[in-house]
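This report considers selected features of the structure shown below.

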Amino acid sequence: MPADLRTMADAIRVLSMDAVEQANSGHPGMPMGMADVATVLWTRFLKYDASRPEWADRDRFVLSAGHGSMLLYSLLHLSGFKAMTMDEVKAFRQLGSKTPGHPEYGHTPGVETTTGPLGQGLATAVGMAIAERHLAARFGPDLVDHRTWVVAGDGCLMEGVSHEAISLAGRLKLSRLTVLWDDNDITIDGHVGLSDTTDQLARFKAAGWAVKRIDGHDYVQIRRALAWATKQAKPSLIACKTVIGKGSPGFEGTHDVHGKALGKDEVAATRKNLGWPHEAFVVPDEVYRPWRAAGRRGAKLRRAWEGRLAASGARAEFDRAMAGDLPKRAFERLDSFIAEAEASKPAAATRQHSGAVLERIFGEIPDLVGGSADLTGSNNTFVKNTQALDAPDYAGRYVNYGVRELGMTAAMNGMALHGGVIPYGGTFLVFSDYARPAIRLAALMGVRMILVGTHDSIGLGEDGPTHQPVEHLASLRAMPNLNVFRPADAVETAECWKLALDAKATPSVLALSRQKVPAVRLVEAGENLSARGAYQLAGAGHPAEVTLFASGSEVSVALDARERLEAQGVGARVVSVPSFELFERQPADYQAAVIGETEVRVAVEAGVRQGWDRFIGEAGVFVGMRGFGASAPDKTLYGHFGITGEAVAAAAKAKL
Ligand SMILES: Cc1ncc(C[n+]2csc(CCOP(=O)(O)OP(=O)(O)O)c2C)c(N)n1
Ligand SMILES: [Mg+2]
């Protein structure tokens, strides 16, 4: 006889407990508490086919409470995901295993997103649910028709990001999104009441969600609640009252079981208590059988879907979009923009150039979905005549994210992970601080997400030091696998957009000026020079004695300094540096040639020095910011802080 649900759930409990025991590290409490809810979801409701983890129309399952990773690994193993062998389970948390401490996207088939920073899984799932609705509108329900399920803990709901996520989801009426809250009253420090007495159901309800509370160990209640969730016209929250570490006679219901191995004696006592006679990492056939059947449940649906896709006229376009490939003619209109800009040399803020770039590519790349965290007019992210992405017709391509920088960025990650969407979103560069946790996960996961950060320096002027980024470029450049672009004019802005769109496995930040800047690329290059990261923009007239490095709005300052130096008979070359990261990828001889061998090297950027020593060396001169900015018109500020062609030329001369 095949095992009943209770025994199937106990298999999760025991595997989780044993894997944590073996590693002597990990979190058994959450998987043991949520085993019943997860078993009903994965055997009756979740649409998936264990033999095809990449099936585009699968339901997305997000374990926002990532510390409970053994819940997910157990589910993947039991339901028959080929990569999740028992050996991988045994190698929990060991180097090179498919079972890292927290779920990691791109590392383990079946893991939809990297989780661990609490609350972000939930916020990422909102983006997946947005992408699903949008693509259902674009390609029709025959091809796109799935749900997003989230397991979230008390910690996820305490985190501020949950507020941004649930209010955005409620506003957009994401009815295909369901959060299963592991309502176990326990966090690491003890009872939730120590630090939080929020009425979560009331909070979600206020944000526009359908809510319900159940006993998370009662299979009938679980089944009814999941069925209920699928019928709601709003996103749904199911508060699953559970006992953390359920099954452990000594520790269940206590915070002791949250994050450590139970110990040999308690493991034995738990086995006895559950009536689980098998040894560690042994699952009997009668338990595997119904689990594997559950893992195959979706195969028929998947094959029927494949048939519909094969017969669909939209097949090629669907496959292209889901693969993340750009359309063939993606940059045709942008290339003519570059040619026009090389000829007309427009002077404008780079944020305006960015808006003009978007006008050229938005129609050519239907996968682009834009938005802004309530700064649309300032970020120049809106393309004329674009419809808002909103209920009930989600075909629009502009998301009104509201004042939610972190929620927006996490949602963009979710869209990119879902596939079929290339998200970009705007805010002031200074508020990348608010978005940073999601930028970091984007970089760690390797997803293409484009953050448009305008007002990128003291050049924004009167809004003052709260709004003026100073350390942001340096801190963003410190992040692995993040491309930070700071273009200087229209041509570089177009080039950097191309590079951001072409970087399939790397997120980008585009740092753009609020203030008008002159064109600096005055001759046709015939290639994307920004792709080099740094390149010589202007050579020296006299024998080169000085090299001036600059990015973005300060490139024109460097050019001004060059003219002054040349007028005094001092040869000076100018190097534009739109991207530190891409420069690092160039061959050593190219790097050496760009850096050059002049006696004096100067860098100019309206930010802190950190990072620039790579170009100018310790003995180099840095002209930029040493502290926070101030509130005044931009030209006054550049003068006040000494970031002018005159000051740069004087500093270079003083060093000669
Ligand atoms: C942003 C963030 N802060 C802190 C942590 C460390 N942390 C991991 S689990 C946890 C408590 C979680 O409580 P809950 O979500 O209720 O999980 P349970 O103890 O019920 O398993 C904390 C503080 C984290 N992973 N992410
Ligand atoms: Mg908890």
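In this predicted model, aspartate 10 is buried, with a relative accessible area of 3%, which is under the 20% limit for that class. Its salt-bridge partner is arginine 13, and the closest N and O atoms of the two are 3.0 Å apart. Arginine 13 likewise counts as buried, at 2% relative accessibility. Both residues belong to helix H1 (residues 5-23), where they stand three residues apart, or about one turn of the helix. An α-helix has 3.6 residues a turn, so residues three or four places apart point the same way.

Helix H1 itself is largely enclosed by the rest of the structure, because 15 of its 19 residues are buried. At 1.5 Å a residue, H1 should span 27 Å, and the 27 Å between its end C-alpha atoms agrees with this. Asparagine 24 follows H1 and has a positive phi, near 55°.

**Further salt bridges**

The count of salt bridges in the model comes to 33.

| Pair | N to O separation |
|---|---|
| Arginine 13 and aspartate 10 | 3.0 Å |
| Arginine 360 and glutamate 340 | 2.7 Å |
| Arginine 564 and aspartate 560 | 3.4 Å |

The side chains of arginine 360 and glutamate 340 meet in a salt bridge. Arginine 360 lies in helix H15 (residues 350-361) and glutamate 340 in helix H14 (residues 332-344), so this pair ties together parts that are 20 residues apart in sequence. Arginine 360 is buried, with a relative accessible area of 16%, whereas glutamate 340 is partly exposed, with a value of 40%.

The largest pocket has a volume of about 700 Å³. Its lining comprises 37 residues, and those closest to the pocket centre are Tyr105, Met322, Leu417, His418 and Gly419. Helix H12 (299-311), helix H13 (315-323) and helix H17 (405-418) are the elements that give two or more residues to this lining. The greatest contribution comes from H13, with five residues. By class, the lining of the largest pocket holds 17 nonpolar, eight polar and 12 charged residues.

Helix H17, one of the contributors to that lining, has 14 residues. From its first C-alpha to its last, H17 reaches 20 Å, close to the 20 Å expected at 1.5 Å a residue. Because 14 of the 14 residues of H17 are buried, the helix is largely enclosed by the rest of the structure. Glycine 419 follows H17 and has a positive phi, near 95°; Gly419 is also among the residues closest to the centre of the largest pocket.

The second largest pocket has a volume of about 270 Å³. Of the 18 residues that line the second largest pocket, Val520, Leu522, Leu537, Ala538 and Leu559 lie nearest its centre. Strand S16 (535-538) and H21 are the elements that give two or more residues to this lining. The lining of the second largest pocket divides into 11 nonpolar, two polar and five charged residues.

**Magnesium site**

Which residues coordinate the magnesium ion (ligand 2)? The donors are Asp154 (OD), Asn184 (OD1) and Ile186 (O), at 2.0 to 2.2 Å. Along the chain, these donors follow the spacing D-x29-N-x1-I. Aspartate 154 in helix H6 (residues 154-158) and isoleucine 186 in strand S4 (residues 186-187) are 32 residues apart, and the pair links distant parts of the chain. Both aspartate 154 and isoleucine 186 are buried.

Key
Residues numbered from 1 in each chain as written. Chains lettered and ligands numbered in written order. Predicted model: local features only at pLDDT ≥ 70, side-chain atom pairs only at ≥ 80, totals over all residues. Heavy atoms only, no water. Salt bridge = Lys/Arg side-chain N within 4 Å of Asp/Glu carboxyl O. Helix = DSSP H or I, 4+ residues; strand = E, 2+ residues; numbered from the N terminus. Buried < 20%, exposed > 50% of the residue type's maximum accessible area, 1.4 Å probe, protein only. 1 Å grid on protein atoms, 1.4 Å probe; cavity = no way out; pocket = protein on both sides within 12 Å on 5 of 7 lines; lining within 4 Å. Points joined across faces, edges and corners; volume = space filled by probe spheres on them. Nonpolar A, V, L, I, M, F, W, Y, C, P; charged D, E, K, R; others polar. Expected span 1.5 Å × (residues − 1). Donors = N, O, S within 2.8 Å, 3.2 Å for Na, K, Ca; no water.
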